[in-house]
Amino acid sequence: MNDNARFEFLLRMGDNALVLAQRLSEWVGKGPVLEEDIALTNVGLDLIGQARMWLSYAGEVEGAGRDEDALAFRRDQHGFRNLLLVEQPNGDYAETTARQFLFDRWHLLALGAMTRSRDERVAAIAAKAGKEVAYHVERSSDWVIRLGDGTDESHARMQRAIDGLWMYAGEGFLPDATDDAMAEAGIGPDLAALRAPWREGVAAVLAEATLALPADDFAQRGGRQGRHTEHLGHLLCEMQFLQRAYPDARW
Amino acid sequence: MAGMVDDPVTIEDARAGAGLAAVWRALSAIPDPEIPVVSIVDLGMVRGVAREGEGVVVRVTPTYSGCPATDLIVRSIVEGLAAIGVRARVEIALAPAWTTDWMSEDAKRRLREYGIAPPGSAVPGRSAIDVRGISPLRRSDVTVPCPRCNSTRTRLTAQFGSTACKALYRCEDCQEPFDYFKPH
């Protein structure tokens with residue numbers, strides 16, 4: 001195991017949480033109902049907290065003097081290692097819900113496996129984050145069912161959202177050399193092994209939601225290697241603006 | 001609460017301006033910034049106090065990863081102990097992960113009186129994660145009685161309330177919405 005692989009692994013976990021939290025923050029103040037506005041903000045806040053823990057540790061492992069803020073605000077899009085799924089735009093509420101649901105289910109399984117990590121800090125962060133993500137999964141699953149098994153309009157939109165995001169749902173199950181090194185060292189999860197339980201959970205919720213499980217399992221990859229869709233750059237423009245325009249600004 | 005955490009130095013040993021018992025008393029007077037009827041000690045956030053040089057080190061575990069009150073709590077500890085003449089450093093401990101099972105019974109009673117339904121029992125095994133994604137809200141068979149009228153006919157409105165640690169419920173009898181401190 002080398003520390004570069006561990007650094008990359010920690011960035012991937014941190015960037016998933018950070019980028020999705022930034023997307024959720026775009027809903028603040030304009031959620032469809034007050035309870036949902038509050039819920040989206042809470043989920044985003046949990047993810048920001050988790051991102052801070054992962055990125056702080058990543059900075060320590062890298063040993064180049066970068067802290068969580070330097071990693072969050074001073075990297076360009078090719079330096080980001082998040083799944084393509086989490087950078088997709090909010091769209092309508094069905095798309096926001098589908099993105100959250102597909103990610104939450106992957107996230108919980110990955111964190112569950114990481115609670116057994118040989119890296120004690122990874123295990124501690126995963127145990128803490130996992131308790132929070134259990135609530136995220138329950139909420140996003142509830143909404144998939146509510147919208148899928150709702151009106152004709154909500155059903156159609158929910159199905160369209162699941163179909164549209166499906167090509168990004170499988171990236172988290174495709175290990176590369178970094179993941180292999182982490183799994184071998186007992187630090188990271190065996191990603192391929194998460195696919196079956198993920199699929200089972202997703203299929204059960206979709207069935208209850210009267211939605212069809214997409215048949216084509218093609219998975220677009222690249223985000224975890226720094227090759228992103230066009231959406232990430234725009235997200236970073238807004239997220240990083242202040243620190244780019246006024247470096248080291250504090251409040 | 002002091003019995004369940006490290007308290008390796010007796011009051012006689014403490015060379016700081018005040019003994020550790022006084023330190024614990026001062027910490028017990030620091031309210032949670034968002035739920036002022038309970039203190040940070042009531043919530044189980046203070047995991048230990050130990051002497052360090054001329055001062056003390058206070059080990060604190062955050063409740064939720066993104067809880068915006070954490071920084072404020074750290075500052076309150078340093079200021080609260082400075083007020084009794086003790087220099088304090090705060091150390092953040094992630095493991096074992098915070099659980100509502102550390103909350104005292106007295107704190108639960110005060111929460112209920114304040115209008116927040118106190119948490120039921122959390123997950124068995126503090127860091128156990130149910131990867132099926134069923135939160136403790138549905139895993140436990142415990143009903144959440146309304147803190148106003150005690151009715152057990154209550155319903156979950158949303159998994160998230162005014163703060164990360166609370167869920168929104170509604171009482172079907174008195175019709176009042178209320179917060180439930182989530183088991184965690």
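In what order do the four strands of the open sheet in chain B lie? They run β4-β7-β6-β5 in chain B, and their pairing is mixed. The views below come from a predicted model.

**View 1. The open sheet of chain B and its edges.** Four strands of chain B build this sheet, ordered β4-β7-β6-β5. The sheet is open and its pairing is mixed. Strands β4 (116–117) and β5 of chain B form the edges. Each edge strand pairs on one side only.

**View 2. Strand β6 of chain B is mostly covered.** β6(B) takes in residues 166–171. Five of its six residues are buried. In a regular strand, side chains alternate between the two faces of the sheet.

**View 3. β5 meets β6 in chain B.** Strand β5 of chain B covers residues 154–158. Four bridges link β5 to β6(B), and the two run antiparallel. One pair to find is B:Ala158, which sits opposite B:Leu168 in β6(B).

**View 4. β6 meets β7 in chain B.** Strand β7 of chain B covers residues 177–181. β6(B) and β7(B) pair over five bridges, again in the antiparallel sense. B:Tyr169 faces B:Phe178 of β7(B) across the pairing. B:Lys166 has B:Phe181 in β7(B) as its bridge partner.

**View 5. The turn between β6 and β7 of chain B.** β6(B) and β7(B) form a hairpin. Five residues lie between the two strands. Look for B:Gln175, which takes a positive phi near 70°.

**View 6. The helices of chain A.** Chain A holds 10 helices and zero strands. Along the sequence the pattern reads α-α-α-α-α-α-α-α-α-α. The radius of gyration of chain A is 18 Å, close to the 18 Å that the globule rule gives for 251 residues, so chain A is as compact as a globular protein of that length. Its C-alpha trace spans about 55 × 40 × 30 Å along the principal axes.

View 7. Of the 251 residues of chain A, 60% count as buried. Take contacts between residues at least 6 apart in the sequence of chain A: 81% of them join residues at least 24 apart. The accessible surface of chain A is about 10400 Å², and carbon and sulfur atoms supply 53% of it.

**View 8. Charges on chain A.** Chain A carries 27 positive and 40 negative side chains. The centres of these two sets lie 3 Å apart.

Conventions:
Residues are numbered from 1 along each chain as its sequence is written. Chains are lettered from A and ligands numbered from 1 in the order in which they are written. This is a predicted model: local features need pLDDT of at least 70, side-chain atom pairs count only at pLDDT 80 or more; totals for chains, interfaces and linings use all residues. Side-chain values use heavy atoms; hydrogens and water are left out. The radius of gyration is taken over C-alpha atoms; the globule rule is 2.2 Å times the number of residues to the power 0.38. Buried means under 20% relative accessible area, exposed over 50%, partly exposed in between (1.4 Å probe, protein chains only). Contact means heavy atoms within 4.5 Å. Accessible areas come from the Shrake-Rupley method with a 1.4 Å probe; for residues, only the protein chains shown count as cover. Lys and Arg count as positive and Asp and Glu as negative; His and the chain ends are not counted. The place of a charge is taken as NZ of Lys, CZ of Arg, CG of Asp or CD of Glu. Two strands pair if DSSP finds at least two bridges between them.
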